Amino acid sequence: MAGREEVSVGSEGSAPAQSGASGLGVASAGGQGGLQDGGLGFTPLDSSEDRVQPFPRSPKLLRKLAQAGQLSQEQLSRRFEELKAERSKAEAHIQSLKKRKADLSTRSEVMKQQVRERFEGMRSLLKQDEQATLDSLEMDLRHTRTRLDQVLKAWDQHLVQVAKSVGATQRAMSKNREAEGDVKGQSENLSSKKPDASETEIRLNEERFERLLKTLRSVSKDLKAQLQRKTLLLDSSPVVIDRQTCHGQIAVTADGRGLCFSGAAHSAPEHPLQFDKVCCALGTAAVTAGQSYWEVDASCCSAWAVGVAYSSLERKGRDKSAKLGRNRNSWCVELRDGRLSAWHNDHHVACKGAGQASLGKIGVWVNYGKGQLMFYDAETMNVLQRFSAALMPVFDRVHHQFTEPLYPAVRFLRPPESQVWPNHLEICNLNTL
């Protein structure tokens, strides 16, 4: 037992102890030699001498590795040809891009020239109309002058006669008997002349001129509105009603743009996207980027709502989550009881841009990236309501950015009992303009 303990728990620097059974020699801890048996040697792990690979790589393997790292002459030639082809392709593409860049200026000049021609045509028409209007005023002036000249001529003749009579009378007063006979003849021929009542009517046609100015003001106003509308029409996009979303009492025309309210519900099975209680419908295409503009003709409807909505707008039930403008998922302007108002998140403001007459067409413009939504009177281009980040505190929103695709939306509202149900809304086809 004592011998075994000396082998397993030896002190550093003690002499080796032998076990009679094993015949193995244990070296001291300070020696470089380890266990030696039959010439086998083991290098300590903490030795500072160079380490020897236990399995050195064979020369064949080294040659394969060297060949793999080097390309053959054939491969280099093929690679060289590929690079030359790639260089030629890149150079050709660069030349094509440069040509396109040069063509941009040429094409832009052609487009500008076409625009100049259009405006020049409009200026020419305005110039012609201006000249025709001025010629009309000039003709009125000449006609009035001619009539006044005739009246002046008659009065000049009368004045000559009066002057002759005055002279004759003066001579008679000098007791010239011969002149007395002349005075008697002049007095008998001369009669008193009074202004004709028609003379007061000889004047420029002021009433016609006032009508002309009024017409020109209207034309100028309409022209300004049309020029502003022209900019919006550049962003016009076709809108078609999604029949799957329509309430059961809404019938859609064949082209998908007209909506009619009918008293009886359709017998078609209910769709998950369909509004079951609110008389509402959405468009098929959503606005997801950029700018978009469309118009809705509401001239044949006495109570309506026109706006936009997220697809997450509730379709079932009558609560606010399914009504346009009564939630965070929709925006609209609506006409109810003859009053026009704008709605979002169940808050509303009166639309001040609306005229006294009922609206005919409503324009809807969306700038999705900037979070802007505007409603117009499409005939006068007056802004009915603007939804943007600056105005959103009115509607209890700290910021205003669209977070989902926007769908065009319309809704039939129930009018007062004294009126019949509204029956028609129409999405305008702006592509035919």
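Are phenylalanine 261 and phenylalanine 412 buried or exposed? Both phenylalanine 261 and phenylalanine 412 are buried (under 20% relative accessible area, with exposed over 50% and partly exposed in between; 1.4 Å probe, protein chains only).

## Basis

This is a predicted model, in which local features need pLDDT of at least 70 and side-chain atom pairs count only at pLDDT 80 or more, while totals for chains, interfaces and linings use all residues. Residues are numbered from 1 along each chain as its sequence is written, and side-chain values use heavy atoms, with hydrogens and water left out.

## Aromatic pairs

Five aromatic pairs are present (ring centres of Phe, Tyr or the six-membered ring of Trp within 6.5 Å; planes under 30 degrees apart are stacked, over 60 edge-to-face, the rest tilted). Phenylalanine 261 and phenylalanine 412 form a tilted pair, 6.1 Å centre to centre with 50° between the planes. This pair links strand E2 (residues 258–261) to strand E12, with the two residues 151 apart (strands are DSSP runs of at least two residues, numbered from the N terminus).

Tryptophan 331 and phenylalanine 402 have ring centres 5.4 Å apart and planes at 85°, so this pair is edge-to-face. Both residues are buried. They belong to one aromatic cluster together with Tyr310 and Tyr368.

## Sheet

An open, antiparallel sheet of six strands runs in the order E3-E12-E5-E6-E7-E8 (strands pair if DSSP finds at least two bridges between them). Strand E3 (280–282) and strand E8 (347–350) are at the edges, each with a single partner strand, so one side of each has no neighbour in the sheet. E5 and E12 (residues 406–412) are joined over seven bridges; alanine 305 has arginine 411 as its bridge partner in E12.

Technical notes: Helices (H or I, at least four residues) and strands (E, at least two) are DSSP runs, numbered from the N terminus.
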